[in-house]
Amino acid sequence: MGRTGGLAGGIAAWIAFTLPSVLLLLAFAYGAASFDGPIAEGVLHGLKLVAVAVVAQAIWGMARTLTPDATRIAIAIVALAIVLLAGAAIGQLSAIALGALAGVVLCRKGVEPKPGGLMFSVSRRAGVTALSLFAAIFVAGPLLAATGFHAFAMFDAFYRSGALVFGGGHVVLPLLEASVVSPGWVSQEAFLAGYGVAQAVPGPLFSIAAYMGALSAPWPNGLAGAVIAVFAIFLPGFLLAYGVLPFWSALRSRANAQAAMRGANAAVVGLLAAAFYDPVWTSAVLTPLDFVLALIAFAMLVWLKWPSWSAVVFLVVAVPLAVAF
């Protein structure tokens with residue numbers, strides 16, 4: 001963003017990379033409403049099993065990278081326990097914050113400050129403005145949501161989900177589940193089906209916001225809900241990336257910052273593992289056949305290294321066939 005085309009270049013890149021996926025997921029949201037019957041139920045259940053395989057793959061990969069030692073494994077386990085026992089939003093926030101704190105205390109071994117030298121065409125003043133706007137929206141969102149106007153509540157839910165993602169796009173799963181399923185805006189079945197479909201589109205996982213916003217109830221939903229959700233979930237990432245650029249060289253040279261990120265990233269593994277258990281596993285794996293099919297899809301992704309869309313195709317075909325026969 002800051003090194004080539006500036007802000008305009010960043011926006012243009014986002015449109016080119018994200019818009020096709022947004023439109024595909026919006027189309028699926030409209031089509032899902034008229035998708036009915038036994039075959040449709042089999043396809044939707046297959047999409048829920050896609051979520052099982054893909055989230056398991058994400059945990060597998062992230063655990064190997066982000067929890068390579070006993071200390072960070074312990075942080076991940078504690079984070080998992082906090083999320084499962086404390087509940088949705090407060091548990092997730094607490095797990096990430098405590099993980100970062102534990103990282104500063106326990107994960108300093110082997111941390112070597114990286115030299116600076118990266119230059120970006122973003123001024124410090126512009127960076128501070130972007131970070132201030134990020135913080136102001138984060139604080140004001142719940143206050144606006146409390147007015148009872150659903151559009152404000154919806155914007156706050158998706159903005160907060162986008163703002164708290166650490167370690168990879170799949171971490172948005174537990175955050176979005178708490179934001180749109182817990183209050184009853186989207187059913188858990190529709191949520192997991194949308195997550196499965198999102199694996200078959202080429203763009204970022206955040207594009208799922210178009211699907212969630214379109215299905216959300218009450219109004220605004222449809223196209224208006226999709227626009228609000230997509231704008232809200234991507235906005236914090238834009239503001240943070242743009243705001244941090246002028247300070248990145250100095251930040252990456254600080255050992256404390258690196259240690260905090262080690263701990264926070266380890267906590268993210270626990271966060272995703274908790275979401276894998278509930279709602280992904282508990283909602284999708286209902287029979288021994290479900291387990292076998294999800295395991296095959298997992299093997300396709302992890303050991304055969306096939307792309308995510310291959311698991312989508314396999315499961316949306318296999319599950320309806322299994323139901324039919």
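**Close-up views of a predicted model**

**View 1. Ser 207 and its surroundings.** Beyond its neighbours within four places in sequence, Ser 207 is in contact with Thr 18, Ser 21, Val 22, Leu 25 and Phe 234. The model shown is predicted. Ser 207 sits in the loop between α8 and α9. Its relative accessible area is 0%, so Ser 207 is buried.

View 2. Helix α8 covers residues 188-198. Most of α8 is covered, with 9 of its 11 residues buried. The buried residues include Ala 190, Phe 191, Leu 192, Ala 193 and Gly 194. Tyr 195, Gly 196, Val 197 and Ala 198 of α8 are buried too.

**View 3. The ring pair of Phe 206 and Phe 234.** A pair of aromatic rings is described by the distance of the centres and the angle of the planes. The structure holds 12 aromatic pairs. In the pair of Phe 206 and Phe 234, the ring centres are 5.6 Å apart. The planes of these two rings stand at 65°, over the 60 degrees that edge-to-face requires, so the pair is edge-to-face. Phe 206 lies in the loop between α8 and α9 (208-215), while Phe 234 belongs to helix α10 (residues 222-244). The pair therefore ties together parts that are 28 residues apart in sequence. Phe 206 has a relative accessible area of 14%, so this residue is buried. Phe 234 is buried as well, at 12%. Phe 234 is also one of the contacts of Ser 207.

**View 4. The ring pair of Phe 276 and Trp 281.** Here the ring centres of Phe 276 and Trp 281 are 5.9 Å apart. Their planes make an angle of 55°, so the pair is tilted. Phe 276 is buried, with a relative accessible area of 19%. Trp 281 is partly exposed, at 30% relative accessibility. Both residues are in α12, and both take part in its contact with α2.

**View 5. Helices α2 and α12 packed together.** Helix α2 spans residues 38-66 and helix α12 spans residues 255-284. Their axes are 10 Å apart and pack at an angle of about 160°. That angle is over 145 degrees, so α2 is roughly antiparallel to α12. The two helices make a left-handed crossing. On the α2 side, the contact residues include His 45, Lys 48, Leu 49, Val 52, Val 55, Ile 59, Met 62 and Leu 66. On the α12 side, they include Asn 265, Val 268, Val 269, Leu 272, Val 280 and Ser 283. By class, this contact has 19 nonpolar, 3 polar and 1 charged residues.

**View 6. Helices α5 and α6 crossing.** Helix α5 (residues 124-145) packs against helix α6 (residues 150-163) at an angle of about 140°. Their axes are 9 Å apart. The two helices are therefore oblique to each other. The crossing of α5 past α6 is left-handed. From α5, the contact draws on Leu 133, Phe 134, Ile 137, Phe 138, Gly 141, Pro 142, Leu 144 and Ala 145. From α6 come Phe 152, Ala 153, Phe 155, Asp 156, Tyr 159, Arg 160 and Ala 163. By class, the contact has 12 nonpolar, 1 polar and 2 charged residues.

**View 7. A cluster of aromatic rings.** Which residues do ring pairs link into a cluster? They are Phe 134, Phe 138, Phe 155, Tyr 159 and Phe 231. Phe 134 and Phe 138 are in the α5 part of the contact between α5 and α6. Phe 155 and Tyr 159 are in the α6 part.

Key. Residues numbered from 1 in each chain as written. Predicted model: local features only at pLDDT ≥ 70, side-chain atom pairs only at ≥ 80, totals over all residues. Heavy atoms only, no water. Axes fitted to C-alpha atoms, helices over the stretch in contact; angles between N-to-C directions. Helix = DSSP H or I, 4+ residues; strand = E, 2+ residues; numbered from the N terminus. Parallel < 35°, antiparallel > 145°, perpendicular 65-115°, else oblique. Left-handed = near helix turned anticlockwise from the far one by under 90°. Contact = heavy atoms within 4.5 Å. Nonpolar A, V, L, I, M, F, W, Y, C, P; charged D, E, K, R; others polar. Phe/Tyr/Trp six-rings, centres within 6.5 Å; stacked < 30°, edge-to-face > 60°. Buried < 20%, exposed > 50% of the residue type's maximum accessible area, 1.4 Å probe, protein only.
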